[in-house]
Amino acid sequence: MSHTVVAELVANVQKVTAKAGDTVGPEDTLVILESMKMEIPVLAEVAGTITELKVVEGEVVRDGDPIAVIEEN
Amino acid sequence: MTTAPAKPAKLPRELDPRNPFTRLTNLLDPGSLELITPDDLSGMLAVRGTIAGAPVVAFCSDATVMGGAMGDEGCEVVCTAYEVARREELPIIGLWHSGGARLAEGVLSLHAVGKIFYAMTQASGKIPQISVVLGPAAGGAAYGPALTDVVILGPEGRIFVTGPDVVRSVTGEDVDMLRLGGPEPHGRRSGVVHITTDSEAAAIEQARRLADLFANQGEVSGDVSDSDLSGLLPESAKRAYDVHPLVGGVLDEGSGVELHQRWAPNIVTTLGRLGGRTVGVIANNPLRLGGCLDALSAEKASRFVRMCDAFGVPMVVLVDVPGYLPGVGQEWDGVVRRGAKLLHAFAESVVPRVTLVTRKTYGGAYIAMNARSLGATRVFAWPRAEVAVMGAVAAIRILHRRKLAEVAPELRTQVEAELAAEHETIAGGIERAREIGVVDEVVEPAKTRSALAAAIATAEQHGRVRGRHGNIPL
């Protein structure tokens, strides 16, 4: 089953720390967002393999925008 | 309001694991169970007994009879349980496994279910009410638990207004029980459920722990051990971190029971013990949404605060908050209306409520996290904490907009840093906060536990108080 991780708030993509093909666990950080003067990690939420990483550094994401798609183990 | 749960192979009632007598025996201390109502086929059973030595009242749906459907007789059993619990001022625990009102009894059963709701609401805020949902709980059996203080969901628990069959026939939507009302939707999305567990035994165990925390509230011991909590914050002020280890570090080891763990996770609400005394901890969690308050987290915390206040449980508020989350989504979601609930909840509370600012507290969220102005019993801050309207750089960009516009672009970062440092000393520094009395005391992370405990003990030295209000499921 594929799981889409979405942004929970409007933010800048400060750093992308994972890439398509990576195997991740629920607590692993995919990207770090910057908003409200805080660095906010976006976690994988599920265990699996990243099939798509949909953001690039410097981009602005909005609440609900997809960040990554993970094929669950 | 009704649905028929799937029927397993028929076992004799006494061997059926859904037998209410068996379930209630598992809930109570061994040998303590006494029947309040006869163990018959009414559909409900009410008993009294003890949990960790404290007397409680409990009732359980009888899922061996018509899937636990609630008729006039069964509802009367629950109302009797409530009468006893109210009269003796005891916590009441309901174990639910019921398809809802008995269809065959028609409106009579709806009338009877309504009387349970009335009894629950009249008891709200007066005696702790804990619900454990162990099987399907539909219609009336869904709203029963929803009216109580804490709802625990076992792995087979399903809560919904109407089951999948009715949903399909009425709206055409095709959905199963798990997706409609299982642990995932209620643990993460709806906020209906406070605790989800992997087994029925674990669900019962959590109910026992909560009953113990409410009924045996204990006293702050004279000698509260300290441990250095400073390592639980990251070096960088911007870095996110999980606040759970800090909550665990403030509480007595292993004593915490977190409510609504996965719903609105940017605020953490945990009951536990500090120096042996039951307390409620409310903590911003910077790992989620940067720890911002938003509409949902404000509502979650408000309900928790009001519950603690109603049952005389002092509060410890751990603050590291960048503000209320701004934006269209939040405004349309009612962040002002729901955020106001948190202001109301804290300002109304009469129990001791002690605040600790660990790293920063800004803006409206500064007030909402139990600030001095809302009547905090005592406000502590760690030495490097910042109390301000907003972060220093953001503030000087507004205050010195014209001046900064005239600065050459290559010098702007440096000038901003200088202005920010100057601004911090006059507006955001902890010394300034002490001068104007919004922070009472700067405390070292290594002495925090004993300081928080002492503040609660001092506030309670002339007796304990509790709020006189219900605990509406906000």
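In this predicted model, 13 residues of chain A are in contact with 20 residues of chain B. Putting the two chains together buries about 1300 Å², and carbon and sulfur atoms give 63% of that area. On the chain A side, A:Met36, A:Met38 and A:Glu39 stand out: they supply 44% of the area that chain A buries against chain B, more than any other three residues.

What else holds a place at this interface? The rule finds two salt bridges across it, as well as four residue pairs in polar contact. One of the salt bridges joins A:Glu39 to B:Arg239, at 2.9 Å from N to O.

Now for the whole structure, where a search over all chains finds 29 salt bridges.

| Pair | N to O distance |
|---|---|
| A:Lys54 and A:Glu52 | 3.1 Å |
| B:Arg378 and B:Glu441 | 2.8 Å |
| B:Arg397 and B:Glu416 | 3.0 Å |

B:Arg378 lies in strand E14 and B:Glu441 in strand E16 of chain B, so this pair links parts of the chain 63 residues apart. The B:Arg397 pair also links distant parts: B:Arg397 is in helix H14 and B:Glu416 in helix H16, 19 residues apart. Is B:Glu416 buried or exposed? B:Glu416 is buried, because its relative accessible area of 11% falls under the 20% cut-off.

Finally, shared partners join B:Glu299, B:Asp333, B:Arg338 and B:Lys341 into one network of salt bridges.

Note on methods. Residues numbered from 1 in each chain as written. Chains lettered and ligands numbered in written order. Predicted model: local features only at pLDDT ≥ 70, side-chain atom pairs only at ≥ 80, totals over all residues. Heavy atoms only, no water. Contact = heavy atoms within 4.5 Å. Buried area = accessible area lost by both parts, 1.4 Å probe. Salt bridge = Lys/Arg side-chain N within 4 Å of Asp/Glu carboxyl O. Polar contact = N/O pair within 3.5 Å; in protein donor to acceptor, adjacent residues only side chain to side chain. Helix = DSSP H or I, 4+ residues; strand = E, 2+ residues; numbered from the N terminus. Buried < 20%, exposed > 50% of the residue type's maximum accessible area, 1.4 Å probe, protein only.
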